[in-house]
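Take a moment with the sequence and the fold. The walk below goes from helix packing to local backbone features and then to open space.

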Amino acid sequence: MLTTERLVLRPFRAADAPVLSAYRSDPAIARYQGWDAPFALAAAEAFVAGLDGRDPRAEGWFQYAVERAADGVLLGDVGVNRHDEGRQAEIGFTLAAGHHGRGYGAEAVRRVVHFLLAEEGLHRVHASVDGRNGPSARLLERVGFRREGLELQSQWWKGEWTDDLRYAVLASEWSSVRAGS
Ligand SMILES: CC(C)(COP(=O)(O)OP(=O)(O)OC[C@H]1O[C@@H](n2cnc3c(N)ncnc32)[C@H](O)[C@@H]1OP(=O)(O)O)[C@@H](O)C(=O)NCCC(=O)NCCS
């Protein structure tokens, strides 16, 4: 469980499946993601069941449910894929459309990155976003990620070649990022 001023990041529960299904079924939300809309309730239930008991410190994907502290509303999720024997992690993030534009996404990602780099001692956290995904790129830059490159037409994604924007932040950079924020 990770907390911020406005958010609680916690494991998913079975009761989250209908909200997960609803926000993943939004075509605008699914556009640059690894699933297709609609995302059926049964798929959401299976996804949540598959996360049950998963250790956030283990290698592989762990998915944090992002809940608003004030009222317990599920806003979205942040995924963390620890790899390289736990030395590095990739992240991904999604918020339901009705909760965009309030800084929740950056607040959640900042907390997860701080946990990984400052509290868990990982070396590097990175993220990969579609070159057209402006809000996600802005979020990563706002949090303090460095743009490492743009791989042109490197991903065959939903029937077309897409550009892949690469971002990363090192543990050695994180304290100065934090000091400046
Ligand atoms: C990417 C995504 C999570 C961004 O969510 P978000 O909460 O709107 O993002 P941020 O936290 O960066 O907030 C962004 C906006 O809130 C505004 N804002 C309002 N109140 C704010 C506050 N209190 N604090 C900070 N920002 C605030 C900012 O000015 C900013 O506006 P801008 O982007 O027009 O400059 C969301 O667009 C999304 O879920 N997209 C679809 C999923 C996706 O493609 N994910 C990428 C997979 S890697």
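This is a predicted model: local features need pLDDT of at least 70, side-chain atom pairs count only at pLDDT 80 or more; totals for chains, interfaces and linings use all residues.

Residues are numbered from 1 along each chain as its sequence is written, and side-chain values use heavy atoms, without hydrogens and water.

Start with helix α1 (residues 17-24) and helix α3 (residues 41-51). Helices (H or I, at least four residues) and strands (E, at least two) are DSSP runs, numbered from the N terminus. The axes of α1 and α3 lie 8 Å apart, at an angle of about 120°. Axes are lines fitted to C-alpha atoms, for helices over the stretch in contact, and angles run from 0 to 180 degrees between N-to-C directions. The two helices are therefore oblique to each other. Angles under 35 degrees count as roughly parallel, over 145 as roughly antiparallel, 65 to 115 as roughly perpendicular, and the rest as oblique. From α1, the contact (heavy atoms within 4.5 Å) uses Ala17, Pro18, Leu20, Ser21 and Arg24. From α3 come Leu41, Ala44, Glu45, Phe47 and Val48. By class, that makes 7 nonpolar, 1 polar and 2 charged residues. Here Ala, Val, Leu, Ile, Met, Phe, Trp, Tyr, Cys and Pro count as nonpolar, Asp, Glu, Lys and Arg as charged, and the others, Gly among them, as polar.

Next come helix α4 (residues 104-119) and helix α5 (residues 134-143). Their axes come within 9 Å and cross at roughly 50°, so α4 and α5 are oblique too. Gly105, Ala106, Val109 and Arg110 of α4 meet Leu139, Arg142 and Val143 of α5. This contact divides into 4 nonpolar, 1 polar and 2 charged residues.

Now the backbone. Ala37 and Pro38 are joined by a cis peptide bond, with omega about 0°. Pro38 sits in the loop between α2 (27-30) and α3. Gln153 belongs to strand β7 (residues 146-157). Its phi is near 45°, a positive value in a residue other than glycine.

Where is the centre of the largest pocket? Gln33, Phe93, Thr94, Asn133 and Ser136 lie nearest to it, among 46 lining residues. A pocket is an open set of points on a 1 Å grid over the protein atoms alone, where a 1.4 Å probe fits, with protein on both sides within 12 Å along at least five of seven lines; lining residues have an atom within 4 Å of a point. The lining has 19 nonpolar, 17 polar and 10 charged residues.
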